[in-house]
Amino acid sequence: DHARKVSHFCWRSLLSWVFDRTMSAPNTSGSGLFLNGQRESGQDVRIGNVTAAMAVSNIVKTSLGPVGLDKMLVDDIGDVLITNDGATILQQLEVEHPAARVLVDLAQLQDQEVGDGTTSVVIIAAELLRRGNDLVKNGIHPTTIIAGYRTALKAAVSYIKKNMVMSVNDLDDDHLVQAAKTSMSSKIIGKEMDFFSKLAVDAVKSVKMKATTADLLGMGEGSAPAASSASSKKERFKYPLSAIHILKAHGQSSIESHLIDGGFAINATRAAQGMPTAVGSDDPNAEPIKIAMLDMNLQRHRMAMGVQVIVKDPAEIENIKKREMDITKERIRKILDAGAKVVLTTKGVDDLCLKYFVEAGVICARRCNKDDLKRLAKATGGKLVVTMADMDGNESFDAECLGTCSAVKEERIGDGEMLHVFGCQGGGASTIVLRGANEYMLDEMDRALHDSLCVVKRMLESNTLVTGGGAVEAALSVYLEEFATTLDTREQVRWLPVCVL
C-alpha cells in the first residue's frame with residue numbers, strides 16, 4: 001500500500017509539473033484559446049497577407065495575355081508539367097499561407113464555374129488588396145474600403161447589363177468563333193485558332209439538349225415559377241460539356257485533330273484477334289447495334305476469401321472446377337441472349353471467356369476507363385451494369401441496360417487502335433480526337449480547348465455577349481470615375497482603386 005501511494009503521488013506530481021509548464025509558456029497575446037499559441041493582429045498581419053497575395057499574383061502574372069510565357073513545373077519525382085493556365089499552375093504549388101490559399105481557391109472556383117479567366121481573377125484580386133492596403137495606411141478603415149468595393153461592384157454590373165450586353169440570338173455564329181479565338185489566343189493552340197475555334201463551336205453545338213427547370217435555376221433564371229414561365233415563352237437549351245469526350249493520340253500535326261459528330265471514341269481495342277473489326281453499318285434502315293457496358297469481371301468464377309469447402313470424394317473437385325467455369329459461361333450467355341453485339345467492361349476478361357465472344361462474333365474490349373463508359377452509356381441511352389444479381393437472388397441481364405448505335409468499328413489512329421461508336425441514339429455526344437507531337441503538348445492542348453469550350457457554353461446558355469479588346473474595362477473605369485465625383489462623402493476616395501484598375 002505504501003508503494004502504491006508513493007507511485008500515485010509521483011504521477012500526480014509529474015502531471016502537475018507538465019500542466020504548470022504548459023500553461024505558463026510564453027503567450028504574447030494573453031489569450032487562453034490555444035496552448036503555446038500566438039494571436040497576431042493589426043497592420044503587420046495585413047501587410048503580410050497582402051504580400052502573400054502579391055507573391056501568388058507575381059507567379060502567374062508573366063503567363064497572362066498573348067505574349068505570356070509558359071511555366072515548366074517539376075515535382076519531387078521528376079514529372080514535368082508545361083502550362084500557362086493559372087489554375088493549373090497554382091494547383092501544383094504548395095501554398096501554406098492562409099491569405100495566399102484564398103487566391104488559389106479563387107482560381108480553382110473560377111475554373112469550375114466559368115472555365116476561363118483563372119489568371120485574371122488572381123491578378124485583379126491581388127491588386128485590389130494592394131490598393132486597399134494603401135488606403136488603410138492613409139487612415140481609412142478597412143470596413144469602409146470593403147463597402148466601397150461592394151458598391152463599385154454593383155454599379156459595374158448594372159452598367160454592363162444596361163449598356164454593353166448584347167444578345168447572342170441577334171448575332172451570327174461568327175461571334176461565337178471570335179469569342180473562342182479570344183480564349184485561346186494566349187494558349188499553345190493560338191497559332192491555329194481559326195481551326196480550333198470552329199472545332200470548339202461545332203463540338204458544343206453537337207451536344208445541344210433541352211434544359212429542364214432545374215437547369216434553368218442553375219443558369220440563374222430565378223425562382224421555379226419564373227423559370228417555368230420563361231421556358232414556356234422561349235425554350236432554353238443546355239450544352240453539357242461532360243458529353244464531349246476529348247481523346248488524345250500521339251502523332252501528326254495539331255491541325256489533324258478532328259471532331260466525331262454524333263459518335264464516340266474509346267481508347268480500347270479488341271480483346272482477341274478473332275473478333276470482327278466492325279459490326280453494323282451506316283445504312284439508316286439497318287438493324288441497330290446493342291452495346292453492353294459492364295463494371296464487373298468476366299473471368300473464371302472463384303470462391304471468395306475465407307470460404308472453405310470440405311470434399312471427401314476427389315471426383316467432386318473436377319465438378320467444382322467445371323461449375324466455376326459454367327457460372328461465367330452462363331453470365332456471358334445471358335448478355336448475348338439480350339442482344340449485345342459489343343461488350344465493354346472496366347475489369348478483366350480471361351481467355352476462356354474470350355472464346356465464347358469470338359464464337360458469337362461479338363466485339364469485346366476489357367480494361368476500359370470507367371468514366372468513358374459512363375459517357376458512352378449516356379450517349380447511347382444505356383446503363384453501366386455493376387452486377388447481374390436480381391431481387392430473387394438469381395442472376396439476369398436486363399435488355400434495357402443496353403445502349404444503341406448504328407455501327408462500331410476499330411480504327412487505327414496514330415500508333416494504336418481505338419473503338420469508334422457511330423450513330424449514338426441516346427443523348428447528345430461527340431468526341432474530339434486531339435493529335436500532337438508528345439504528351440506535354442497534348443495535355444496543354446486539352447486544357448486550352450477546355451477553356452474555349454467553357455466560353456462557348458457560357459455564351460450559348462446565358463445568351464449574352466460583351467465586346468472584347470479591353471473595351472468593357474475601359475468603359476467601366478471612365479464610368480466609375482465619373483460616378484465617384486458625384487459623391488460628397490469619403491466614399492469617393494474608396495472608389496479610386498477600382499477606377500484605376
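These legends describe close-up views of a predicted model.

**View 1. The whole chain, for orientation.** The protein chain has 501 residues, and buried residues make up 38% of them. Its secondary structure comes to 16 helices and 18 strands. Among contacts in the chain with a separation of 6 or more, 70% join residues 24 or more positions apart.

**View 2. The largest nonpolar core.** This core has 32 residues. Inside it, the residues with the most contacts are Phe 196, Val 204, Ile 244, Leu 434, Leu 449 and Leu 453. Helix H7 (173–184), helix H8 (193–205), S6, strand S17 (430–436) and H14 each give two or more residues to the core. The largest share comes from H14, with 10 residues.

**View 3. Leu 453 and its contacts.** Leu 453 is one of the residues with the most contacts inside the largest nonpolar core. Neighbours within four places in sequence are left aside here. Leu 453 is then in contact with Ala 200, Ala 203, Val 204, Leu 241, Ile 244 and Ile 246. Of these partners, Val 204 and Ile 244 are also listed among the residues with the most contacts inside the core.

**View 4. The second largest pocket.** The volume of this pocket is about 350 Å³. It is lined by 16 residues. Closest to the centre are Ile 244, His 245, Ile 246, Arg 375 and Asp 446. Strand S6 (244–250), helix H13 (370–380) and helix H14 (439–462) each give two or more residues to the lining. By class, the lining holds five nonpolar, four polar and seven charged residues. Ile 244 belongs to this lining and also to the largest nonpolar core.

**View 5. The hairpin of S1 and S2.** Strand S1 (residues 71–74) and S2 run antiparallel, joined by four bridges. Val 74 stands opposite Val 80 in S2. Five residues lie between the strands of the hairpin. Gly 78 takes a positive phi near 95 degrees in this hairpin.

**View 6. The two faces of strand S2.** Side chains alternate along strand S2 (residues 80–83). Leu 81 and Thr 83 point to one face and are buried.

**View 7. Gln 252, a residue with positive phi.** Gln 252 is not a glycine, yet its phi is positive, at about 65 degrees. Most residues other than glycine have a negative phi. Gln 252 is found in the loop between S6 and strand S7 (258–261). Its relative accessibility is 52%, so Gln 252 counts as exposed.

View 8. Arg 367 lies in the loop between strand S12 (363–365) and H13. Its phi is positive, at about 60 degrees, although Arg 367 is not a glycine. Arg 367 is exposed, because its relative accessible area is 57% and the cut-off for exposed is over 50%.

**View 9. Ser 57, a buried residue in helix H2.** Ser 57 is found in helix H2 (residues 43–61). With a relative accessible area of 1%, Ser 57 is buried. Residues up to four places away in sequence are not counted here. Ser 57 then touches Val 122, Ile 123 and Ala 126.

Methods: Residues are numbered from 1 along each chain as its sequence is written. This is a predicted model: local features need pLDDT of at least 70, side-chain atom pairs count only at pLDDT 80 or more; totals for chains, interfaces and linings use all residues. Side-chain values use heavy atoms; hydrogens and water are left out. On a 1 Å grid over the protein atoms alone, a cavity is a set of points where a 1.4 Å probe fits but cannot get out, and a pocket is an open set with protein on both sides within 12 Å along at least five of seven lines; lining residues have an atom within 4 Å of a point. Grid points are joined across faces, edges and corners, and a volume is the space filled by probe spheres set on the points. Ala, Val, Leu, Ile, Met, Phe, Trp, Tyr, Cys and Pro count as nonpolar, Asp, Glu, Lys and Arg as charged, and the others, Gly among them, as polar. A nonpolar core is a set of buried Ala, Val, Leu, Ile, Met, Phe, Trp, Tyr and Cys residues joined through side-chain atoms within 4.5 Å. Buried means under 20% relative accessible area, exposed over 50%, partly exposed in between (1.4 Å probe, protein chains only). Contact means heavy atoms within 4.5 Å. Two strands pair if DSSP finds at least two bridges between them.
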